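Where do two protein chains meet, and where is space left among their atoms? The report below takes up these topics in turn.

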2 protein chains.
Amino acid sequence: MLTAKGLATRGRIVAAAADEIRERGIGVVTLDDVGRRSKTGKSQLFHYFPDGKEQLLLAVAEREAERVIEDQEPQLTELKSWAAWDEWRDVLVAKYRRQGVNCPLGVLITEIGRHTPAAQAVTAKLLTQWQHRVQTGIEDMQASGDIRADVDPAHAAAALMAAIQGGVAILMSSGSSEHLEHALDLCLDYLRIRPS
Amino acid sequence: MLTAKGLATRGRIVAAAADEIRERGIGVVTLDDVGRRSKTGKSQLFHYFPDGKEQLLLAVAEREAERVIEDQEPQLTELKSWAAWDEWRDVLVAKYRRQGVNCPLGVLITEIGRHTPAAQAVTAKLLTQWQHRVQTGIEDMQASGDIRADVDPAHAAAALMAAIQGGVAILMSSGSSEHLEHALDLCLDYLRIRPS
């Protein structure tokens, strides 16, 4: 167990590593760079990350995954009206347009090894948390009568996750947010529709 | 311009390379392996691929991209009834479940370099062809009155591409086809719905 001070130091190291990697690229950042930026000595670095760079990269990946959610707040946890859903949709599109081809989490997952259990745990946790918030939004809208009762909230939330994931992947390859926008719009239209 | 015989030889080399890579992995396959399997001498290999392995890998990527479409035929070009759409949906899910975490096109694109113009041209062409076939299917269903007229065929086809791409990406990371299935089902439900 880390003390509050220990947690703060660890957080400072992770934040410094995340910033270094975002600014200079994962290929060139060393533990010395991270130590310099976080004003932490080598022995302190190894106190918090005894397994070295690999362990630090995993902590940075976990932090970047949290930021994916944070970047969508407060909208993501307040999906209680159509105006809120539309705002969330616009926040998402703007976030990924700004990000372009550089996905801070993606480079870390690639570096750690996409198929390693550690990397998969990070992406699985992010997916679960994200999807759960969307599902809660759908449930809230059903409770207020804004979404029809026959929509399965878990299935629709899973579909939205796939749509976002695919839209972002295409944006990262094509440079255009077109697919992401059409995918989000189709899902939101689906939730809005009142069948006869 | 290649003669018919030249085209056949080139095709045999590409097919041999594709099979070698699928079976043994891109990291270990050499030009000698491809020559042996296709019964082609080194001088012939370099006649068709003067720039060597890199040029051959690009040709294999183009071939694998064609196979992505072929794997969905004849369903993909015959989306003229709801039964046909459901069949296509099942063919897609079965294909990607079978494929699991091993995407033959993906490993080539990664090897060539995801952000190189050559790799992006291959994936862009695949996306365009695939999306165009889906769009034609939606237009056919609108012509027969099976899909409501206010659906934009191009936008809905783009959304389907994002949904598939994202569903497959999650399948490759999680091992489950759940997201792919829910995403396809939501899009098909959306196309089917008759608003009041």
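## Basis of the model

This is a predicted model, in which local features need pLDDT of at least 70 and side-chain atom pairs count only at pLDDT 80 or more, while totals for chains, interfaces and linings use all residues. Residues are numbered from 1 along each chain as its sequence is written, chains are lettered from A and ligands numbered from 1 in the order in which they are written, and side-chain values use heavy atoms, without hydrogens and water.

## The interface of chains A and B

In chain A, 32 residues are in contact with 32 residues of chain B (contact means heavy atoms within 4.5 Å). The area buried between the two chains is about 2500 Å², and carbon and sulfur atoms give 72% of it; buried area is the accessible area (1.4 Å probe) that two parts lose on being put together, summed over both. A:H182, A:L186 and A:Y190 supply 22% of the area that chain A buries against chain B, more than any other three residues.

## The cavities

The whole structure holds 4 cavities of 30 Å³ or more. On a 1 Å grid over the protein atoms alone, a cavity is a set of points where a 1.4 Å probe fits but cannot get out, and a pocket is an open set with protein on both sides within 12 Å along at least five of seven lines; lining residues have an atom within 4 Å of a point. Grid points are joined across faces, edges and corners, and a volume is the space filled by probe spheres set on the points.

The largest cavity has about 60 Å³ of space. Its lining includes A:A17, A:T30 and A:K53, and α4(A) gives the largest share, 3 residues (helices are DSSP runs of H or I, at least four residues, numbered from the N terminus). The second largest cavity has about 50 Å³, and B:A17, B:T30 and B:K53 are among the residues that line it. Here α4(B) gives the most, with 3 residues.

## The second largest pocket

About 250 Å³ of space lies in the second largest pocket. Of its 14 lining residues, B:A59, B:E62, B:R63, B:E66 and B:K125 lie nearest the centre. This pocket lies between domain 1 (4-50) and domain 2 (61-192) of chain B, because both give residues to its lining; the domain bounds come from an automatic or database domain assignment.

Note on methods
Helix = DSSP H or I, 4+ residues; strand = E, 2+ residues; numbered from the N terminus.
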